[in-house]
Amino acid sequence: MTAVTVPAVRKVSRPRADALRNRERIVTAAREMFVEDGPDVPLDEIARRAGVGNATVYRNFPDRDALVREVVCSVMDRTAEAAELALAETGDAFAALEHFVHAAADERISALCPMVSSTFDQNHPDLVASRERIEQLVEEIMGRAVEAGQLRPDVGVGDLLIVVSQLSRPPAGTDCLRGDRFVHRHLQLFLDGLRAPARSALPGRAVSIKELRNS
């Protein structure tokens, strides 16, 4: 009787839990330091804040662009999740917009600033997918608030994203934790200015996403 050879089942290797935790710690530390000091912060400083060795950083991210891209995608994806939660809310349309804006600030949306760098690949497929997802969701949130007569109609998606990014970025030399106590206070001042009816005419015109990208 001929023996039947059963092919060995190869186990798909999965990252260990500690490896995943280290990766997340690196991304979190990088996100905070990019916000505080810009995308050129030394990688060994990021490793130090994350509590890992330099080798661990390079094992996860072979170069700076890979780390920056991961941070930007992470920020956009988590912000998109906040937008989806806001859209799922029922009742007050402007309250959903407020929820999204504050959640976006908590996700350090100002870490998107590296995308304007001339050395950064803005057309990487991962970035394009994340960017288009969040843009569509923000347009839906703002459109719903405009239709409800609660959001002034002379404000564009680009206006919103620029201001949230600027207000959630701490002053140079100030760490994120010290700046956090002011962020939501200032964002609420901004949101109150978005309510309809408008109390003044804005100079220029609403900033679109296309204009924001090309500026």
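Start by selecting helix 5, which is mostly covered: eleven of its 14 residues are buried (under 20% relative accessible area with a 1.4 Å probe, protein chains only; exposed is over 50%, partly exposed in between). Helices here are DSSP runs of H or I with at least four residues, strands are E runs of at least two, and both are numbered from the N terminus.

Before going on, a word on the model. It is a predicted one, where local features need pLDDT of at least 70 and side-chain atom pairs count only at pLDDT 80 or more, while totals for chains, interfaces and linings use all residues. Residues are numbered from 1 along each chain as its sequence is written, and side-chain values use heavy atoms, with hydrogens and water left out.

**Still on helix 5.** Colour its buried residues, including Phe94, Leu97, Glu98, Phe100 and His102. Just past the helix, stop at Arg108, where phi is positive, about 60°.

**Next, the core.** Select Ile46, Leu67, Phe100 and Leu160, which touch the most other members of the largest nonpolar core, a set of 56 residues. Such a core consists of buried Ala, Val, Leu, Ile, Met, Phe, Trp, Tyr and Cys residues joined through side-chain atoms within 4.5 Å. Helices 1, 2, 4, 5, 6, 7 and 8 each supply at least two residues, and helix 4 gives the largest share, 13 residues.

Beyond its neighbours within four places in sequence, Ile46 is in contact (heavy atoms within 4.5 Å) with Ile26, Ala29, Ala30, Met33, Phe34, Val41 and Leu67.

**Now residues 42-61.** An unreviewed UniProt entry puts a "DNA-binding region" here; such annotations may be inferred rather than shown by experiment. The stretch is 75% helix and 0% strand, with its end C-alpha atoms 14 Å apart.

**Then Arg23.** You'll find Arg23 in helix 1; at 28% relative accessibility, this arginine counts as partly exposed. Leaving out neighbours within four places in sequence, Arg23 is in contact with Asn60, Phe61 and Glu70. Its C-alpha sits 9.5 Å from that of Arg59, 36 residues away along the chain.

**Finally, zoom out.** The protein has nine helices and zero strands, and 40% of its 215 residues count as buried.
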